[in-house]
Amino acid sequence: MMKFASFIVELFRLCILLVLTLFILGGAERFVYQSIFGQPVYNWSMALGNVLIFFMLYRNHFQFKGWYKSEKNIKLTLLTTRIITVISLGLILLPIGLS
């Protein structure tokens, strides 16, 4: 029962971290794009890029700081981390190419 309770708390923590990460990254991107182009740019691809960044951060860092401990918690490989980073940055920069 204790493992299930820690899983529920960790799931709640994951949702809060996701919302905070998307809010912070989205605000920073909106500010940068507004500074460069004079108007805020936000696209679905930027949100998807931010979700990928959150996934990478969670798998490599946040899951080891939480309440739910498991033997299956492993970091992403370096290659996977680099691929996710490149894809997410490409998705974040995609609205520049579409403008």
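Analyst: Two residues are in contact when heavy atoms of theirs lie within 4.5 Å. In this predicted model, Lys 3 touches Tyr 68, Lys 69 and Ser 70, leaving aside residues up to four places away in sequence. Lys 3 belongs to helix α1, and although Lys 3 and Tyr 68 are 65 residues apart in sequence, their C-alpha atoms are 7.3 Å apart in space.

User: Is Lys 3 buried, partly exposed or exposed?

Analyst: Buried means under 20% relative accessible area and exposed means over 50%, with partly exposed in between. Lys 3 has 45% relative accessibility and therefore counts as partly exposed.

User: How should I read the angle at which α2 and α3 cross?

Analyst: Angles over 145 degrees count as roughly antiparallel. The axes of α2 and α3 (residues 78–98) cross at roughly 155 degrees and come within 7 Å, so the two helices are roughly antiparallel to each other. The crossing of α2 and α3 is left-handed, and the residues of their contact comprise twelve nonpolar, seven polar and no charged.

User: Where is Asn 43 found, and which residues does Asn 43 touch?

Analyst: Asn 43 sits in the loop between α1 (2–37) and α2 (44–60). Not counting residues up to four places away in sequence, Asn 43 touches Pro 95 and Leu 98, while the side chains of Asn 43 and Trp 44 are joined by a polar contact of 3.4 Å.

Conventions:
Residues numbered from 1 in each chain as written. Predicted model: local features only at pLDDT ≥ 70, side-chain atom pairs only at ≥ 80, totals over all residues. Heavy atoms only, no water. Helix = DSSP H or I, 4+ residues; strand = E, 2+ residues; numbered from the N terminus. Polar contact = N/O pair within 3.5 Å; in protein donor to acceptor, adjacent residues only side chain to side chain. Axes fitted to C-alpha atoms, helices over the stretch in contact; angles between N-to-C directions. Parallel < 35°, antiparallel > 145°, perpendicular 65-115°, else oblique. Left-handed = near helix turned anticlockwise from the far one by under 90°. Nonpolar A, V, L, I, M, F, W, Y, C, P; charged D, E, K, R; others polar. Buried < 20%, exposed > 50% of the residue type's maximum accessible area, 1.4 Å probe, protein only.
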